[in-house]
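Subject: Structure handover and findings

Hello,

Here is the structure we talked about handing over. Please open it beside this message; my notes follow below.

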Amino acid sequence: MTSRDDIVTAALRHLNVHPTASTAEIAAAAGISRATLHRHFASRDDLLREIGLRSLEHWTGVQESTGMVAATSSRDAARLRACAEEMLRQLVVSADDFAFALVDEYLYALPEINARTEELFELEVAFWAAALDAGVLRPGLTPRWVAHASYGVLVACREALRHGDVARRDVPDLVLSTFLHGVSA
């Protein structure tokens, strides 16, 4: 029997490539019938909500495992830089694994998803503010811009992988160098 976790994983993998897939297509990709899918999720929207919640759990896990809040409080430049590098490396995995959730507008329209997204985003804004204050990032940027830019680089990562424009093994270094050093010569 296919578990709820197996279904979500298969659905996410399929939606990463085919974001407008129907319930029938998602069920087929998971190797189950539509009826089995509906025993676990009453609707496509319920499945998408579960994907959104799991992506937020992963994002939370990245913030926790990198010690982002403690690094923010430390105001130590070396600690902030190390945290930023590790956070971006881990978020590359998120961008690949949860690609669909990064860009699906439906998910952001759900109040609980939107509220939690805002909470996590604000934690990152505070982190980037500390990194800016400590001189880890160039002056003249705002913390909110840096938070949006880091998200943008992850969306670019997702698109480059989806289109086969970069090798998966190269992505973490590309994201780090692009984000932390820019693209100028």
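In which helix is the place of R39? R39 sits in helix α3, which spans residues 34–40. Please keep in mind that the model is predicted.

**The annotated stretch**

R39 is exposed, at a relative accessible area of 62%. The UniProt record, an unreviewed entry, carries the annotation "DNA-binding region" for residues 22–41. In the model, residues 22–41 are 75% helix and 0% strand.

S22 is in the loop between α1 (4–17) and α2 (23–30). Its relative accessibility is 31%, so S22 counts as partly exposed. From S22 to G164 there are 142 residues along the chain, and 24 Å between the C-alpha atoms. R39 and W128 are 89 residues apart in sequence. Their C-alpha atoms are 43 Å apart in space.

**The aromatic cluster**

W128 brings me to the rings. How many aromatic pairs are there? The count is two. One of them joins F127 and W128, edge-to-face, with 4.9 Å centre to centre and 70° between the planes. F127 and W128 are both buried.

W128 also pairs with F179. This pair is tilted, with 5.3 Å between centres and 55° between the planes. Why does the pair tie together parts of the chain that are 51 residues apart in sequence? Because W128 lies in helix α9 (residues 111–133), while F179 lies in helix α11 (residues 171–181). F179 is buried, as is W128. Taken together, ring pairs link F127, W128 and F179 into a cluster.

**Helix α11**

V171, V175, L176, F179 and L180 of α11 are buried. Down the helix axis, the buried residues of α11 fall within an arc of 135°, so they line one face of the helix. The cover over these buried residues includes α6 (77–97), α9 and α10 (143–162). Just past the end of α11, G182 has a positive phi of about 80°.

**α9 against α10**

Two of those covering helices also pack on one another. The angle between α9 and α10 is about 115°, and their axes are 8 Å apart. Their crossing is right-handed. On the α9 side, the contact is made by F121, E122, E124, V125, W128, A129 and L132. On the α10 side, it is made by P143, R144, V146, A147, H148 and S150.

L141 is in the loop between α9 and α10. Buried or partly exposed: which is L141? L141 is partly exposed, with a relative accessible area of 25%. Leaving out residues up to four places away in sequence, L141 touches L132 and V146. L141 and A101 are 40 residues apart in sequence, and their C-alpha atoms are 27 Å apart.

V166 is in the loop between α10 and α11. Its relative accessibility is 25%, and V166 counts as partly exposed. What does V166 touch, beyond residues up to four places away in sequence? The partners are A160, L161, V171 and L174. Among them, V171 is a buried residue of α11.

S94 lies in helix α6. S94 is buried, at a relative accessible area of 10%. Neighbours within four places in sequence aside, S94 is in contact with H58, V62 and A99.

R75 is in the loop between α5 (68–74) and α6. Most residues other than glycine have a negative phi. R75 is not a glycine, yet its phi is positive, at about 60°. At 47% relative accessibility, R75 counts as partly exposed.

That is the handover. Send questions when you have them.

Best wishes

Technical notes. Residues numbered from 1 in each chain as written. Predicted model: local features only at pLDDT ≥ 70, side-chain atom pairs only at ≥ 80, totals over all residues. Heavy atoms only, no water. Phe/Tyr/Trp six-rings, centres within 6.5 Å; stacked < 30°, edge-to-face > 60°. Buried < 20%, exposed > 50% of the residue type's maximum accessible area, 1.4 Å probe, protein only. Helix = DSSP H or I, 4+ residues; strand = E, 2+ residues; numbered from the N terminus. UniProt positions renumbered as here; feature names shortened; annotations may be inferred. Arc of directions from axis to C-beta. Contact = heavy atoms within 4.5 Å. Axes fitted to C-alpha atoms, helices over the stretch in contact; angles between N-to-C directions. Left-handed = near helix turned anticlockwise from the far one by under 90°.
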